[in-house]
Every structure is written in structure tokens, then in C-alpha cells.
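This report covers side-chain contacts between charged groups and between aromatic rings. The sequence and the structure come before the text.

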Amino acid sequence: MLSATATSFTVNVITRSLLIVTRYKSCAPPPKHQQFCCTTNQLSMRYRTVDIESYLSSIKEHIRSFGDKTSVAINEQHRKRMIQTIIGYNSKTEFDKALRERKNELEHDKMARFVTEILNPTVRPTENITIQKKAPNYYKGMEFALGCIPSSKGVPRRFSRMASGRTYRGNLTEMVSDVAPELMPQYNEARKPLSEETVTSTLIQSSSVSEQLKDAATQCLQMDLSNDGSSFGGGAQKPGVNCEKQCIEFLKEKKGTKLGGERHLVFENVFVLRTSKPGRLNGSDHRTQWEKDPESAVITTVSDRTGICSEFDGVVVKLPATNEQQGYVTEIWESKTTLDPRSIMDAIVKKLSSVRSLMEEESSVLVYKDGFASITPGCTTTFGIFGTELMPVDKAASKMKNISCHEALGDINVVLEALEMGMIQIDSSVIIEKIVTLRHILQEMRNFNVVVLILVGFEALSAATAKNEKRLSCNQ
């Protein structure tokens, strides 16, 4: 959790709560029914601010309408997580690694059996002049392949060494079709990749859990799940690159005017690099950075980058009129296509924590072609989250429910109960607690200058409003 104590940020709170802003086309009036929106003098009239506190409160009330307990049907995305828990893997990384290694072992064994039990007895390489002439490294390649660790990657490549030479050039398929075309059906079967279901089934049977748990995992694997779990993600997402471009366009438009002799520079996709000296770029690639992209910039720091993200979507630098080569960073932005409690929390925890770490390190500096900009607590810094749409309350609540149910599958008792009931059931208070946690973080950020912006076209917003206007209360 982020702490607001001993912060490096200058206090500059815009309102009592965070603001989300929506944009309308200048030629079109705003929709008559829109929740959480109001005008603000701080931005152009084409934008509308949205109160995050009200948004979270509405989501919380919608979650309460689920009752004391809520449930979701088991879908394809749940299946793998449930099996992982049943057979005793604590993390997704460990489970995925076990699946990959098991797949390699099985596919290695299939090819090894084909070579030793079918191919060798048929072609008799020690007596086959064609093999000796066209594949002189047949035996060496076979010994190498059979001596490899079965679980290591590159199974097809290791056996292709048997066909090395000028004729086949490592193409095992061509060699088998040439010297033993009648074996092609068996060869194709041996080299056919195994399905994930087959690999998972063998991993279950080889696990060290009890037979009862193996049966439960097998039951989960064999469940007929007709739905595809598309509701888990809250709907299709627009390409993130478009959101980043719109964020940069908004910043350039917002900062395009020159006030009091000062001007602003807007940089996109600013990477964070560790260097030996403050403000110095290491390596020839970085020394030619400005030749490749004169408008680019990087943030350098001499401290360890552990816990610091590698890139920010947008950075705004303010240049004083007295010294335009030595400015300071005033805004750092993260873009999210769809904003909802989960994406806001993700941006705050990952990116804002990195901003604080950079500001606490005196060596941190933004370097660009014509100068540099300091990242210090001596100036007001804004951390912004920019989005192209705000997820409707009902969809945001459903998404949080699905995510909470998925997270609950780390408990084997929840998994076994879900198998028995055919659905995953959790207390609604678990979901509400996530809203409370996010609210607490936002309250702690009173010492930060944080703005959340959403950019939505008039037509898209009108369609979303019309769909939900019967359910949502209207703020005129």
C-alpha cells in the first residue's frame, strides 16, 4: 500500500477527490444523461470531469446488490487455475514451467521411440549406403538427441541433427520421406505436438498429491465448459497504442500555449535507464539516440532499478524563460484504454510507486536532445492516468467479481466446493474490500497532485449512456 508520509511530492490537491475527464466533439452537445460528470474551469469546455469517489461508491452499491454471497460459473479461464491449486503448485509461473517441461519430455519420448524402434530397424543405417552418403552424421546426431535432457526445449531441433549434411541440410522430414517414405505416417504422428489437455493429464497423474485430489483435478480437466470466459476481462479492449497516441495529443494540445515566457515539452514513451553517471547515456546506441529520434527523451538514474518501471507513456517538461536548457518534470502520464477500479489500482501501484522512487533519488534526470530536466521534489509534479473510456458501473462490478472469484481459486477448499457446486462462490465483502482498499490509497494520495483523465468520443459515450440510463441515476 502506498504511504503518503515523507512523500517527495509537493502538495497541490485539485479537488476533494480524483478527477476523470471526458471529451466531446465541439460540434455536438454532451449527452443529457451521464453519471459522474460535471464541468470544470481547469480544462477546456470540451472535457467533463468525473468524480472517482462517486464512481467507486456506485460500484460498491452495485456489488452489495449481489447479496451476502455471489458466484460465477466455472469457465475455461478458471479450469487451469483450479488444476494448479489441486495438484499443489503455488504460483502460475511454477505450474506453467512444469507444463512446458512435461510437454518437452513427452514429445522427446515420442521421437526417441520412433527413431530407435521404427526408423533404425527399417532403414538399417549401418548397411544403408544412401544414409551413409546423404546423412553422414546420422549416428552422431542420434546420440546427441537421445543424450539431451528430455525436459529441455528444442525437441524437433535436436533430432534434426540426424539429417545434417549437404543433401538434407538438417531437414529430418525430407530425409525420412527419401529413405523410408512408408514411415511418413508414423513419423508425422511422432512429431505432432501434444495437446495441452494431454500434457495436463499426464502432469496430474505424475503429481505427488493423493488419489482423491488427482481424481478431482481430472474431473476439472474433463468438465464441459460451454462458455469461453470472455466476461472475465470485462469486454474487448481497444488497442493500447491508440490510447497512448490520444494521451500525447491531449498533452500537446493542453500544453501548446506559451505562458509568461515559459513553454512545455511533451515526450512519449520515455524509458528509464540505469547509468554510471547522472545524466549520462551509456553505449553507442544511446549516444545516437537523438539522431534516430530528435524528439525522444530518457530518464537516467544511477540507483538500482529494482521496483522501478521501465517506461512512462508521457512526460511533460516545463522550461523556464531564463534557462530553456534546464527544465523540470511537471507531469508523468500512464495510459489505460479502459479505466475501472482494477486498471486504476494497477497504474497507481506500479507507475506511481516508480515516480516516487525516481524523485527520491537525486541522480534521476530526464535527458533529451537540447538539454535535461530535473525530477525533484522542489516542483509540483502531476501523475496522470489517461483513458479512452470509463467502464460502466455494472460491468466494473462484474469484472471485480470475476477477478475476485479467480483469485479465490488459490484456496483448495474453494476449488473443491466449486467442483461440487459447478460454480465459484465467494462473500461479496471480499469484493467490497478491494473498493475500500483503493479508496484508502486515494485518500492517502491527498499529498499528491494526481489527475485521472478519460478521452471519449461523443458517439461512443452516447451509446454507453443510452444502454445504462434506465439503471443509472442521472445527474443533470
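Lys103 and Glu107 meet in a salt bridge, with 2.7 Å from N to O; a salt bridge here is a side-chain nitrogen of Lys or Arg within 4 Å of a carboxyl oxygen of Asp or Glu. Both residues belong to helix H3 (residues 92-123) and stand four residues apart, about one turn of the helix. Helices (H or I, at least four residues) and strands (E, at least two) are DSSP runs, numbered from the N terminus. Lys103 is partly exposed at 29% relative accessible area, whereas Glu107 is buried at 12%. Buried stands for under 20% relative accessible area, exposed for over 50%, and partly exposed for values in between (1.4 Å probe, protein chains only).

The model is predicted: local features need pLDDT of at least 70, side-chain atom pairs count only at pLDDT 80 or more, and totals for chains, interfaces and linings use all residues. Residues are numbered from 1 along each chain as its sequence is written, and side-chain values use heavy atoms, with hydrogens and water left out.

A search of the whole structure gives 18 salt bridges. Side chains of opposite charge can pair when their charged atoms come close.

| Salt bridge | N to O distance | Location |
|---|---|---|
| Lys103 and Glu107 | 2.7 Å | helix H3 (residues 92-123) |
| Lys214 and Glu211 | 3.6 Å | helix H10 (residues 211-221) |
| Glu53 and Arg439 | 3.2 Å | helix H1 (residues 52-64) and helix H17 (residues 428-444) |

Which parts of the chain does the pair of Glu53 and Arg439 link? The salt bridge between Glu53 and Arg439, with the closest N and O atoms 3.2 Å apart, links distant parts of the chain: Glu53 is in helix H1 and Arg439 in helix H17, 386 residues apart. Glu53 is buried at 11% relative accessibility, and Arg439 is buried as well, with a relative accessible area of 19%.

Within helix H10, Lys214 and Glu211 are three residues apart, so about one helical turn separates them. Lys214 is buried at 9% relative accessible area, while Glu211 is exposed at 51%. Elsewhere, a network of salt bridges links Glu334, Lys336, Asp346, Lys350 and Lys351.

The structure also holds six aromatic pairs. Rings of Phe, Tyr and Trp (its six-membered ring) pair if their centres lie within 6.5 Å; planes under 30 degrees apart count as stacked, over 60 as edge-to-face and the rest as tilted. One of the pairs is Tyr138 with Tyr139, which is edge-to-face at 5.8 Å centre to centre and 80° between the planes. Tyr138 is buried at 2% relative accessibility, whereas Tyr139 is partly exposed at 35%.

The ring planes of Phe267 and Tyr368 are at 40°, with the centres 5.3 Å apart, so this pair is tilted. The pair links distant parts of the chain, 101 residues apart: Phe267 lies in strand E5 (residues 263-274) and Tyr368 in strand E9 (residues 365-368). Both Phe267 and Tyr368 are buried. Phe250, Trp333 and Phe386 make up one aromatic cluster.

Charges also sit over rings, a term that requires NZ of Lys or CZ of Arg within 6 Å of the ring centre and within 35 degrees of the ring normal. Arg161 lies over the face of Phe144, 3.9 Å from the ring centre. Lys401 lies over the face of Phe66, at 4.9 Å from the ring centre.
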